Amino acid sequence: MKRLWAGVVSVFLVGLAGCGDPSERLYVYKIPETKPIEQTHALKELHGKNKVDILWVIDNSGSMSENQEQVRVNSNEFISKFITKTGLQWKMGLISTDVSNPPFVGFRPGDALDYQSSNPVQLFQGAVKRLGIYGDAVERFYEPVLRAFDSHPHFLRQDAVLALIVVTDEEEQSTISLENFLQKIKGYKNDLKDVYTYGLFAASDDGCDTQTMFTYQSSRYKQFIDKTKGKKYSLCDPNIGAKLAEMGDDLVQQLVRPRLYLSARPVVNTITVTYKGELLKWGQKDDGGLWLYDYGNNAILFHDLDFAPGPEEKVTVNFETELGVRVRHTLD
């Protein structure tokens, strides 16, 4: 791979003749020419992920009875997306927003909830039912997550993607900051690009009839979802089952899609993907698209590789970087 030299600036100070005032000096900046880079990859080696560790964090305070029930009875819509995906080695755990509670499923020996479970929907629904609504009125997300991972380090597989799902009707009230939380998560996973986040919130600014008057737009949860490029759903959506199905499908597709990580941050509207000299359409698969750009991971996601069935096919990705450098990726 050719190395990209960028951001190197030579500065020349030229004193104007007969002028001793520093304000009259002329500064000339010269930016050297940058070089294009080219990377070659084997197209047949572009694969997605087949392992995911999913942690649910569900609020078990007194106002959550109806919201818990909505998630519980519709959870099959989410879990079915994983059951029907052959070869996907998934596992789930469930904890509460009460930092004193032990995990409710998925962490202890003999308590597994994963792709080998014979009745995963029933296991999850039973665990949600055991949550109850007598948890701490101080609802936390960051601290219970870290406590669970520290107390049960075997839950996280090093070669698996991590998905964090929070369900609540109240502000995040941990004593640690978002920055510290994400730093801890990065320590577990080495890189946040393999961490996906989802939030299901009962927020008053989404029209939810909530006892807490929780507002999402001004919350720490919005900062969390925005910072991690996550997705947010409303718990008062009349078709919450469809939203859980959408969430499950989104996570599965994020995992299994073939992807190419770009070596530089592109100007998004300059990205083109070509196959045998023809432009491949950008967009959702249902609209005829063949690829998407994943900003969070700085990667090209292909819905599949059916357009290039041969073993020696090539796809070329071109884009311009934010520094104005022209970049070309060739995939063999």
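Does Cys208 count as buried or exposed, and what is its relative accessibility? Hold on to that one for a moment, everyone.

First, some housekeeping. This is a predicted model, where local features need pLDDT of at least 70, side-chain atom pairs count only at pLDDT 80 or more, and totals for chains, interfaces and linings use all residues. Residues are numbered from 1 along each chain as its sequence is written, and side-chain values use heavy atoms, with hydrogens and water left out.

Back to our cysteine. Cys208 has 9% relative accessibility, so Cys208 counts as buried; buried means under 20% relative accessible area, exposed over 50%, and partly exposed in between, with a 1.4 Å probe and protein chains only. Its partner is Cys236, and a disulfide joins the two, with 2.2 Å from S to S. The rule here is a pair of cysteine sulfur atoms within 2.5 Å, and by that rule the count comes to 1 disulfide. In case the word is new, a disulfide is a covalent bond between the sulfur atoms of two cysteines.

The link of Cys208 and Cys236 is left-handed, with -80° about the S-S bond. Cys208 sits in the loop between β7 (195–201) and α5 (220–227), and Cys236 in the loop between β8 (231–234) and α6 (240–256), so the pair ties together parts that are 28 residues apart in sequence. Those labels are DSSP runs numbered from the N terminus: helices are H or I with at least four residues, strands are E with at least two.

And Cys236 itself? Cys236 is partly exposed, at a relative accessible area of 35%. Leaving aside neighbours within four places in sequence, Cys236 is in contact with Asp206, Gly207 and Cys208, where contact means heavy atoms within 4.5 Å.

Now for the helices. α3 (residues 142–151) and α4 (residues 178–189) pack at about 25°, with axes 11 Å apart. Axes are lines fitted to C-alpha atoms, for helices over the stretch in contact, and angles run from 0 to 180 degrees between N-to-C directions. α3 and α4 are therefore roughly parallel to each other; that covers angles under 35 degrees, while over 145 is roughly antiparallel, 65 to 115 roughly perpendicular and the rest oblique.

Which residues in α3 meet α4? They are Tyr142, Val145, Leu146, Phe149 and Asp150, facing Leu178, Phe181, Lys184, Ile185 and Tyr188 in α4.

Finally, the axes of α4 and α5 come within 11 Å and cross at roughly 40°, so α4 and α5 are oblique to each other. Leu178, Phe181 and Leu182 in α4 meet Arg220, Gln223, Phe224 and Lys227 in α5.
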